[in-house]
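Here are my notes for you to read beside the model. Have the sequence and the 3D view open, and take the points one at a time.

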Amino acid sequence: MGGTPHVRGANTRDKIQSVALELFIERGYEKTSMREIAEGLGITKAALYYHFKAKEEILVAISQGLGGPVDELVAWARTQPRTLETKREVLRRYSEALHGRRSALRIMQESGAALRTLGIGQTLNDRIAAIGELMYQDGASVRSQVRISDALASVHFGAFFLSAIEGDPEEKRKALLESALETLDSSAEEDL
């Protein structure tokens with residue numbers, strides 16, 4: 001180490017978040033220290049503190065990185081008509097936004113106390129609620145709205161369970177999405 005940072009450039013914060021996330025996964029958020037993160041990067045604690053004053057700030061930054069694609073999805077969906085095809089596209093895009101982020105999502109789920117303290121949990125819940133609101137339609141039957149909820153929950157929570165299933169990650173994601181889309185399609189049939 002020798003006090004010489006191995007992390008330089010505009011993507012320093014991204015590298016810090018990446019190493020911290022690996023350590024959070026390996027050791028748990030609560031058991032990971034700023035010293036361990038600095039060592040994992042090959043930099044001094046002072047260099048790490050220049051970018052993040054505490055590991056809570058790192059967790060917030062990771063959360064914001066996870067939320068960016070969802071915020072973009074919500075912004076896009078708000079400009080679209082509330083048709084079945086738009087709802088299908090929302091599920092497709094949400095599935096893609098979650099894909100490859102399971103580890104980070106797992107850390108968010110396992111760090112419940114920190115999420116509540118930092119307000120991250122509420123922000124994540126607000127994002128999910130925003131997607132849900134875009135999926136529902138006035139005048140739809142309760143049964144139809146429940147099926148829409150099922151489809152959204154399938155994509156959201158299903159992402160956590162795919163690692164327990166053997167097979168190619170992309171194939172599993174597509175199979176989960178296909179199942180969710182079938183449930184969504186059945187919600188439209190319910191109101192015919």
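**Notes on the model**

1. Let's start with Thr86, which counts as buried because its relative accessibility is 11% (buried means under 20% relative accessible area, exposed over 50%, partly exposed in between, using a 1.4 Å probe and protein chains only). A quick caution: this is a predicted model, where local features need pLDDT of at least 70 and side-chain atom pairs count only at pLDDT 80 or more, while totals for chains, interfaces and linings use all residues. Residues are numbered from 1 along each chain as its sequence is written, and side-chain values use heavy atoms, with hydrogens and water left out.

2. What does Thr86 touch, leaving out residues up to four places away in sequence? Its partners are Trp76, Gln80 and Pro81 (contact means heavy atoms within 4.5 Å). A polar atom of the Thr86 side chain also sits 2.8 Å from the backbone oxygen of Pro81.

3. Thr86 belongs to helix H5, residues 84-98 (helices are DSSP runs of H or I with at least four residues, strands are E runs of at least two, and both are numbered from the N terminus). At 1.5 Å a residue, the 15 residues of H5 should span 21 Å, and the end C-alpha atoms are 21 Å apart, so the two agree (the expected span is 1.5 Å times one less than the number of residues). Besides Thr86, the buried residues of H5 include Val90, Leu91 and Tyr94.

4. Now try helix H4, residues 55-78: its 24 residues should span 34 Å at 1.5 Å a residue, and its end C-alpha atoms are 34 Å apart, which agrees. Even so, H4 bends by about 35° at Gly67 (the angle between axes fitted to the seven residues ending there and the seven starting there). A proline, Pro69, follows within four residues. Among the buried residues of H4 are Ile58, Ile62 and Gly67.

5. Ala20, in helix H1 (residues 12-27), is buried because its relative accessibility is 0%. It touches Ile37 and Ile58, not counting residues up to four places away in sequence. The C-alpha atoms of Ala20 and Ile62 are separated by 9.2 Å, although these residues are 42 apart along the chain.

6. An unreviewed UniProt entry lists residues 33-52 as "DNA-binding region"; such annotations may be inferred rather than shown by experiment. That span is 75% helix and 0% strand.

7. Finally, zoom out: the protein has 10 helices and 0 strands, and 41% of its 192 residues count as buried.

Methods. A polar contact is a pair of N or O atoms within 3.5 Å; within protein, one must be able to donate a hydrogen and the other to accept it, and residues adjacent in sequence count only if both atoms are side-chain atoms.
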